[in-house]
Amino acid sequence: MTMRTFHYAGVAEINVTLGLPRIIELVDARKNPSTPMMTIYLKEEYSNDREKSSDVAWAIESTHLHHIGDITTNVSEMKIIVNIEPKALEMRKMTPGEVAMALEVAIGLPVELVDHTLTTAPEEVSYRGLLQLAKKIRNVKLKGIDEIKRVVIRRESDEYILYTEGSALSKILPIPGVDPTRTRTNNIIEMADVLGIETARQSIIDEIMATLREQGLDVDIRHIMLVADIMTCDGEVKQIGRHGISGEKASVLARAAFEVTVNHLLDSGVRGEIDELDGVTENVIVGQPVKLGTGNVKLVARK
Amino acid sequence: MIHSVPKRIGQIKFGFISPKEFRKMSVTRVITADTYDDDGFPIDMGLMDTRLGVIDPGLRCKTCGQRAGECPGHFGHIELVAPVIHIGFAKLIRKLLRAICRSCGQLLLTPNEKTKYLEEIRAKVEIGHSIDDVVNTVFKESRKAKKCPYCGEEQIDIKFEKPTTYLEDKHKLMPADIRDLFEKIPDDDVEVMGMDPASARPEWMLLTVLPVPPVTMRPSITLESGQRSEDDITHKLVDIIRINQRFQENREAGAPQLIIEDLWELLQYHVTTFIDNAVSGVPPARHRSGRPLKTLSQRLKGKEGRFRGSLSGKRVNFSARTVISPDPNLSISEVGVPEATAKELTITMNVTQHNINDAKEYVARGPERHPGANYVIRGDGRRVKVTDKNSLELVEAIETGWKVERHLKDGDIVLFNRQPSLHRMSIMAHEVKVLPNKTFRLNPAVCPPYNADFDGDEMNLHVPQTEEARAEAKILMHVEHNILSPRFGGPIIGGIHDHISGLYLLTNRDKKIYKPEALELLKKSSIKELMEPAGYENGKPYWNGKQIFSMILPDGLHLTFQAEMCEHCEECTKGECERDAYVVIEDGILKHGSIDEKAIGAFKSKILDKIYKEYGEENARMFVDDATRLGIRAIMRMGFSFGIDDEDVTAEADVQIGEVLSEAEERVTKLIMAYSAGELEQLPGRSLDETLEMKIMQELGRARDSAGDIAGRNLGLSNSAVIMAQSGARGSMLNLTQMAGCVGQQAVRGERIQRGYVGRTLPHYETGDLGADARGFVKSSYKTGLSATEYFFHAIGGREGLVDTAVRTSQSGYLQRRMVNALQDLEVQYDGTVRDTRGMIVQFIYGEDGLDPMKGDFGTRESIRRIINLHSNDTVNHASHRAKLLALSRPNQSENQVHR
Amino acid sequence: MVPYHEILDEEELKFVLEHYNIGKEHLPKIKVKDPVIKEIKAQVGDVIKITRKSATADEAIIYRLVIG
Ligand SMILES: [Mg+2]
Ligand SMILES: [Zn+2]
Ligand SMILES: [Zn+2]
Ligand SMILES: [Zn+2]
């Protein structure tokens with residue numbers, strides 16, 4: 001399998017892990033994929049309306065103070081001055097007053113608002129205090145959902161779809177306008193937590209197939225379904241490997257032959273486990289025919 | 001001879017061995033650390049005691065009376081003076097100490113809690129889930145207890161110091177005390193802690209008796225100097241016995257407690273390293289040379305360890321390995337085997353009335369002349385080697401019931417394999433063809449499934465020895481059976497390289513082919529009669545290339561598709577296509593179009609796919625055989641070569657390419673100027689720097705492509721390289737572009753080359769130069785040659801490629817191993833369900849429709865529909881098709897039964 | 001995107017287990033804390049019938065045992 005990492009085929013603006021690293025990430029069932037991303041579909045009355053869909057987008061994108069204006073420190077007067085850009089504010093449907101309020105609540109200090117300029121000063125009059133406060137102000141959250149770093153709106157086959165950098169499915173679904181039946185994230189664990197194991201299974205299939213297709217590899221979906229089914233058949237998403245399926249196999253010998261040989265043998269002793277020698281590896285290890293094909297048929301010769 | 005029913009190991013139970021059992025299975029107690037006496041004879045009750053088995057030829061085992069090689073070896077034991085901790089269980093002992101009462105040994109949970117957890121454990125076991133979670137809560141909960149609910153004893157927290165020290169309020173717990181305490185744990189409590197009291201009593205984790213492995217698993221070797229060199233395990237055992245003795249002497253002499261404790265520690269160290277010589281916190285025991293000893297754990301672990309190295313993968317008999325080379329005259333289902341190999345590998349014939357004459361012939365020829373025999377096995381089971389001297393004698397003696405180990409001969413079924421065996425087509429069954437010389441020969445058309453080439457690749461050959469094995473090989477693993485890949489249901493075997501070029505040359509040009517030439521082209525195929533000629537010239541009949549190719553197509557084949565070389569014009573002119581890229585086959589006759597990769601190539605062949613699915617696998621094999629032979633004949637007839645001057649372009653083209661490149665450079669300069677002037681418009685979601693880089697990359701990429709186009713056009717469609725690239729035989733237009741046009745941008749991690757000196761890539765450039773050539777754009781072509789700086793950038797890009805492949809192969813190798821391990825035990829049952837070894841259902845119907853991916857038309861249910869269409873009016877074979885349809889639709893039907 | 005889940009009644013369950021000749025414990029599992037299970041208020045030990053949209057068979061029906 002030769003797989004390259006490349007930009008996302010659909011949305012050039014959002015970087016998404018692809019190729020072999022992405023496949024490994026998926027079968028590892030990582031809690032946090034390296035590039036979490038959501039595809040948010042909107043309800044009908046929103047999805048055809050550019051205005052409404054961009055309202056949703058601005059509502060969920062996390063907006064910090066530094067997004068909407070310049071922050072400067074005035075050392076001589078020990079003041080911090082925020083110059084709000086009216087255009088940025090207008091896009092986000094906020095007023096300077098709201099910003100001032102949010103800032104006041106966040107830092108717990110009085111904020112002075114004149115036109116589009118906010119001014120505040122640290123409690124303790126020191127150079128360090130000033131810098132610290134400036135830093136804090138920069139990252140004051142004004143609006144949106146923390147995890148969502150960026151939202152891109154795209155029109156695809158007659159509707160507007162939001163793509164987000166970062167993922168927080170449980171916070172997105174209740175938002176008015178969002179179509180919870182189609183909205184998804186590329187984080188399978190999150191899918192399992194929010195929408196259940198069946199949905200996680202389906203998204204494993206979708207994600208792997210999409211990754212393979214993007215690489216131009218034609219693989220029958222049934223193979224991927226089998227992988228997804230074995231990952232989810234115990235009711236939770238289990239990784240393919242030592243901490244998942246391979247580590248929980250029925251056979252001691254099969255586990256020992258895979259990884260961490262000695263520990264599996266010791267543990268099996270503690271538990272008093274019995275290896276029924278049903279699988280392939282076990283029978284190869286003890287040197288007898290595997291129970292498949294001809295080996296599956298029991299035929300006893302009469303003496 | 002009566003065939004006994006083969007014995008089969010039904011199950012293996014794991015558990016601890018109790019000291020009692022250790023003594024029972026031991027054949028002798030080992031008390032002395034010495035191995036051999038002065039005469040080189042094993043000392044009684046020493047580590048090499050002959051009761052433990054024998055390794056020296058000539059000696060007999062005192063336990064079983066067998067010789068070296070026959071005796072499996074027998075365990076002995078060492079009585080340890082004081083108990084020591086088994087290092088593998090150090091952590092479990094800690095958990096147990098914290099979970100139980102320090103006085104009465106009971107688990108520090110209320111009876112109710114115990115029943116609750118026990119039930120939980122049993123529920124988990126029933127559904128086959130891991131009980132680890134429950135057991136861990138048991139340990140966590142019981143540790144919280146401050147006072148024993150049974151005897152009221154105040155509990156003291158246990159501190160654990162790696163590797164084997166347990167402290168109770170700074171007072172060290174001796175293994176003997178721990179052992180005494182563990183003996184008090186009731187069986188029921190042991191079960192709550194996830195242990196099986198019948199096979200794993202906690203006190204057995206502290207060793208009082210140490211088993212001495214048989215000599216056969218630690219053989220000593222005699223060096224050239226006559227000196228004996230002992231196995232690492234023997235060395236370790238010597239250490240243990242010595243310390244054990246000293247310990248005993250000191251204890252009996254009433255030595256002070258401090259010395260006793262020191263010796264105890266030392267004994268613990270030696271037993272620890274005997275079990276595992278890589279425990280963190282314990283200095284590994286070393287050989288005199290300083291090499292760490294390989295003790296028990298080290299023997300089991302890792303890729304070369306017992307499990308992965310000797311048990312999961314074993315060396316086998318009846319196998320051969322040698323270099324491979326191509327032979328287009330073989331069928332794809334054959335393999336050429338050197339005569340020397342064929343004389344070494346044998347197949348056992350059971351002599352019956354029907355084959356006794358054959359058997360006699362083989363034996364008569366002896367081991368030296370080819371289809372001969374190496375051994376006969378007489379009726380009483382004795383093996384007799386066939387020699388030139390005794391062969392005639394044996395021929396006379398042969399009777400039914402004997403066995404003859406005859407040489408491999410033409411037509412035998414063998415398994416052929418090339419590593420890495422990544423998919424099932426990496427091992428396929430071939431028919432033997434015994435040939436002179438020393439390499440395995442195979443048809444180049446089967447290279448793709450094996451991923452083989454002939455630059456020194458070696459392959460393995462295995463000879464199945466039983467009738468069942470041969471049947472399985474033939475029915476399941478035969479090459480014919482593997483023409484289609486289960487990955488996507490398309491052909492994976494097919495023409496490559498010259499096969500494609502040859503057939504392309506044959507079918508693309510309308511050339512008159514007269515009878516002698518036509519016969520020569522078709523000489524190697526199974527065609528018996530030539531078709532109606534295309535015309536006559538001077539009274540002599542002639543054919544065209546398309547007709548010649550048509551002759552190897554089966555009758556009744558209908559197919560239309562766009563060839564590989566099709567340029568996907570806006571409006572396809574179909575039969576009128578200028579480049580003859582629209583293939584039309586009617587009733588087995590090629591009417592239009594050229595044969596190229598899309599038609600007969602591996603992975604892509606439309607014709608092969610169709611023939612396989614409609615005419616069966618044998619016809620498919622025959623088509624590949626014929627097509628590849630015809631291809632080779634054709635290319636030999638027409639001649640085909642590629643040399644350095646084939647990548648020369650005309651002077652005008654050179655000028656044109658130069659213009660294109662300098663225009664592109666100009667545009668890049670403009671972009672940079674716009675960037676530094678701050679006029680560049682930022683792309684959404686990208687920074688200004690990124691935007692510039694993307695735009696420059698785009699510009700230069702476009703420039704390279706148009707340079708390639710110019711070069712390609714200039715070389716023309718008759719250029720060998722163009723023919724190969726267009727027909728899909730080898731190489732691509734990109735290769736050509738780089739050879740004749742312009743090599744293009746060299747990239748590291750998908751970006752232009754940035755690093756090197758401060759602010760520049762090489763000292764040849766000014767700091768901050770963002771221009772094309774300063775950042776690794778190679779203007780030259782491979783033909784003209786690269787300038788010094790270009791060459792350097794090219795090396796940077798090339799190196800990244802090499803590193804990437806190295807990293808990726810190891811990554812995907814591990815992924816493959818994990819995938820295989822996770823899925824290998826799943827099996828489709830007769831009821832259509834997919835289950836694991838426990839019988840747990842993973843899928844109710846394989847793939848939710850029960851279809852084999854290999855049999856579907858590139859994964860659709862098209863094949864079923866096609867069969868229905870094909871045969872709905874067919875009355876002759878109606879019954880058989882009904883059966884076929886039924887078989888195909890059964891999975892869905894059974895589902896309907898369930899839900900009505 | 002979430003397929004239809006429903007609790008299987010006794011009779012149908014018996015039929016399914018008989019058809020496949022298995023016990024409940026051999027079915028695939030689903031956690032009782034799975035959001036969909038919480039929604040349909042199934043208990044540990046119930047068997048859930050799930051009707052999936054299938055890429056290969058249009059519709060596929062599977063069963064899962066609710067576990068703790
Ligand atoms: Mg090679
Ligand atoms: Zn013996
Ligand atoms: Zn107690
Ligand atoms: Zn065309």
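Me: How many aromatic pairs does the structure hold over all chains, and how is such a pair described?

Reply: The general idea is that a pair of aromatic rings is described by the distance of the centres and the angle of the planes. Rings of Phe, Tyr and Trp (its six-membered ring) pair if their centres lie within 6.5 Å; planes under 30 degrees apart count as stacked, over 60 as edge-to-face and the rest as tilted. Over all chains, the structure holds 10 aromatic pairs. Keep in mind that this is a predicted model, where local features need pLDDT of at least 70, side-chain atom pairs count only at pLDDT 80 or more, and totals for chains, interfaces and linings use all residues. Residues are numbered from 1 along each chain as its sequence is written, chains are lettered from A and ligands numbered from 1 in the order in which they are written, and side-chain values use heavy atoms, with hydrogens and water left out.

Me: Why is the pair of B:Phe416 and B:Phe440 given its label?

Reply: The two ring centres are 5.5 Å apart and the planes stand at 90°, so B:Phe416 and B:Phe440 make an edge-to-face pair. B:Phe416 belongs to strand E15 (residues 413-417) of chain B and B:Phe440 to strand E17 (residues 440-442) of chain B, so the pair ties together parts that are 24 residues apart in sequence. Helices (H or I, at least four residues) and strands (E, at least two) are DSSP runs, numbered from the N terminus.

Me: Which aromatic pair do B:Phe416 and B:Tyr450 form?

Reply: B:Phe416 and B:Tyr450 are edge-to-face, with 5.8 Å from centre to centre and 80° between the planes. This pair links distant parts of the chain, 34 residues apart, as B:Tyr450 lies in helix H14 (residues 447-450) of chain B. Together, B:Phe416, B:Phe440 and B:Tyr450 form one aromatic cluster.

Me: Is B:Phe416 buried or exposed?

Reply: Buried means under 20% relative accessible area, exposed over 50%, and partly exposed in between (1.4 Å probe, protein chains only). B:Phe416 counts as buried because its relative accessibility is 0%. B:Tyr450, at 1%, counts as buried too, and B:Phe440 is also buried.

Me: Where does the charged end of A:Lys52 sit?

Reply: A charge sits over a ring if NZ of Lys or CZ of Arg is within 6 Å of the ring centre and within 35 degrees of the ring normal. The charged end of A:Lys52 is over the ring of A:Tyr46, 5.3 Å from its centre. In chain B, B:Arg383 lies over the face of B:Tyr375, at 4.1 Å from the ring centre.

Me: How many residues of chain A are in contact with chain B?

Reply: Contact means heavy atoms within 4.5 Å. By that rule, 74 residues of chain A touch 69 residues of chain B. Buried area is the accessible area (1.4 Å probe) that two parts lose on being put together, summed over both; for chain A and chain B this is about 6300 Å², with carbon and sulfur atoms giving 58%. A:Arg222, A:Val270 and A:Arg271 supply 12% of the area that chain A buries against chain B, more than any other three residues.

Me: How many salt bridges are there between chain C and chain A?

Reply: A salt bridge is a side-chain nitrogen of Lys or Arg within 4 Å of a carboxyl oxygen of Asp or Glu. The rule finds 4 across the interface of chain C and chain A. A:Glu198 forms a salt bridge with C:Arg52, where the closest N and O atoms are 2.7 Å apart.
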